Structure formats: C-alpha cells, structure tokens
Amino acid sequence: MVYREFGNTGIKMSTLGFGAMRLPMMDLNGKRVIDEDKAIPMIHRAFELGVNYIDTAPGYCDGLSEITVGKAVNSWKNGRIYVSTKNPIEDNSGDHWRARLENSLKKINRDSIDFYHMWGINLATYQNSILAPNGPLEAALRAKEEGLIQHMSFSFHDAPDNMIPIIDSGYFESVLMQYNLLDRSNERNIDYAHSKGLGVVIMGPVGGGRLGAPSKVVQELLGGKIKSTPELALRFVLANPHVSVALSGMSSIEMVEENAKVASIEGVLSEKEAAVIQEMFEENKKLAGLYCTGCRYCMPCEQGLNIPHLFTLMNYHRVYGLTDLAKAEYQKVIAGKEEHLGKDISYCIQCGQCESKCPQHLHIIEKLAETEQALRG
C-alpha cells in the first residue's frame, strides 16, 4: 500500500480509503440489515492490505453503517485505523449539532472521532448555518477542545469556486470532494487545499460505482494496458500527487483486493499516460460532433440551464458509452436539489441567446433536444 502525508496532520494515510456506504445487506425478519458476517471480514481484509482510513456517515446503509464500522475497527488490533464520519447540518443550532455528534460516538462506540465532517455543505450553509452564533462551528470547536473529535473536516457539494472561502477559514484540516476521470471540476481546488495544508480525500473516484460499467472506449485509452474501467478511474485519481486518499465504496472482498492492488502501485500513471488520456478525451469529443469546450460563453441561461454540464452528460452517453452514468446524473438535474447543476432541459424556451454567444457555433437548441431525448428515461 502506498501512503501519503495527510495535509499538515502528521499522519501517513493509505491512498485507498474504505467507504462504508455500500456494505453487504440482507433481509432479517422482514428488515434490511447489514450482513456483518460478510461486512466485518471484508473491512478487516482491507486493513490487512494496508488501508488505514475508513469513512462512514449516519445515513449510510439504512443508518447502520456507523455501528458496523465501530465493531470492525474496535475489534482490529493490528494497527492504527483512522475513522471518519459526518454531521448533517440540519439547522444552525450548536446544541442539535452536538446531539448528532454524541449519537455517532455512541453508535461507533468510541470516545473520539478522528475526522469529523460538516457533511455535504455548500457556501450558503457554511455562512448562514455553520457560522451562526451558538451554531455548529462553535459547538465543533468546543468538542475538539474536549477531545471528542481530533480533526475538523468538511465534505463539499457546490460550485467549485465556493470551496475557496471555506478552505481559507483555517478551521478545517481535511476536505472530502468529488473528482474522477469524467469530472475534473475540482482539480484546482485539490491543488489549493493541498497548498493550504489540508488532507484531500476524493469521493466518487469511480463515479459512485457507475464507472464500474464496462466501457471499451475508456479501457482502450492506454492501448489495452488497463484491465477495467474502474482500474483506470482509480489510477487516474491517484496519479494526482495532491490527492491524499481516494475513497472507494467497496461491497466485496474481491473489490477490496482489486482496489488495494491498484493503490499499491508507485507511480500509478506516468505524466505521459495522463496526457494521453486527456488528449484522447478531447479528441473523442470532437469526433462526437458535440465539441463543447466548457468556455461558458453561453452562460448564464435566463431559464437557469447549465448548458456545459448538460453537454458533458451527453458526451458520457454518446462518446464513452457510459449511458447509465449519464442518465443518473441527469436525474439529479431533474430533481433540482443541487442549484449549481441548473434546471433540466424542459425549461428551455428556445430563445437562441446561447447560440448567438457560442464561439464553436454549436446548434445548441438542437443538441439540447437530443440530450433530453437520450437521457430523461
């Protein structure tokens, strides 16, 4: 296993982290529960292979993940394991934040949590709720003084630029963000967080498992050198030297062993190989006839569509054969729960303003209609 410095914490962390959000489940007396006879040996196998960072959360596995992670970690006697869990910011009450922390400590059965995250926050939540008087930040600082948490962290879901003020606050020692082969929007934030001394943990290195689907196009990017799409996806993330840990949601011992093998390779991708991947991606976009450069000259759309993001999803489907991934991501747009993703294509009124501003002279209205038809369902 390869280990890297985890920001300024002084900890050497395994480049592969265990994401405990997809532990094997079973039905027991009509109720869904974690199959601990499978889950705990699987977690222990990861530890045997050198993984020393495990991440859970109150809502994972029908609310049972923290309990199982606690059992697995507390029964492991062969080395230091660092536990990460999270606190959903449901309001601006520090007392409520504290109650959720105490509940996690009870479920994990530990006196202290190593890395405790403000969970899935955006800049507005940080400014309006976390920083509120007698709010979550004040409660977190008190909890750290008491030793209930060792390191303050945050996980992020927002426009990339909005991460910078949170990093600059100086309160946090690590950050959990999305980054993968097909979504590089946080690449500059990875470098910036690293420069500020934060440990950088990546969620979704294989697209939340969706990049696990076979894609001949992706697998052949390096001349058949890579055996599977997930392997290339994980190697791509770990090739970034400013990534501390790639967090993988693993659900079988076979998956643990495959990922650990990749994370044990020094120099997972050479600079030349990384350049080949990027060049091939750009060339494939051109060949697809939908070469959106992401320049955003078409933005803002008065109807609230994020046109570059929509075209990225279409390329997942048409260029790389990752149709399930594209459709799942478009469902997030339709759901409208993440403002930065914009509105779905049904809101387009075909005003044509975007086409008049596009330096590539794309037929945007026509391409949006094709995207809607391909991805809605």
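## Arg45 and its partner

Arg45 is partly exposed, with a relative accessible area of 26% (buried means under 20%, exposed over 50% and partly exposed in between, using a 1.4 Å probe and protein chains only). Its side chain meets that of Glu257 in a salt bridge, 3.1 Å from N to O; the term stands for a side-chain nitrogen of Lys or Arg within 4 Å of a carboxyl oxygen of Asp or Glu. This pair links distant parts of the chain, since Arg45 sits in helix α1 (residues 36-48) and Glu257 in helix α10 (residues 253-263), 212 residues apart. Helices (H or I, at least four residues) and strands (E, at least two) are DSSP runs, numbered from the N terminus. Glu257 is partly exposed too, at 35% relative accessible area.

This is a predicted model, where local features need pLDDT of at least 70 and side-chain atom pairs count only at pLDDT 80 or more, while totals for chains, interfaces and linings use all residues. Residues are numbered from 1 along each chain as its sequence is written, and side-chain values use heavy atoms, leaving out hydrogens and water.

How many salt bridges does the structure hold? There are 15. One of them joins Glu90 to Arg100, with the closest N and O atoms 3.4 Å apart. Glu90 lies in the loop between β7 (82-88) and α3 (94-108), and Arg100 is in helix α3, 10 residues apart.

Glu173 belongs to the loop between α6 (164-168) and β10 (174-178), and Lys144 to helix α5 (residues 136-145), 29 residues apart. Both are partly exposed: Glu173 at 22% and Lys144 at 32%. Elsewhere, salt bridges that share partners tie Arg45, Glu48 and Glu257 into one network.

## The buried side of α5

Now for helix α5 itself. Its buried residues include Pro136, Leu137, Ala139, Ala140 and Ala143. They sit on the same side of α5 because they cover an arc of only 160 degrees around the axis, taken from the directions from the helix axis to the C-beta atoms. An α-helix has 3.6 residues a turn, so residues three or four places apart point the same way.

What covers these buried residues? Among the elements in contact (heavy atoms within 4.5 Å) are α3, β8 (113-121), α4 (123-130) and β9 (149-156). Just after α5, Gly147 takes a positive phi of about 85 degrees.
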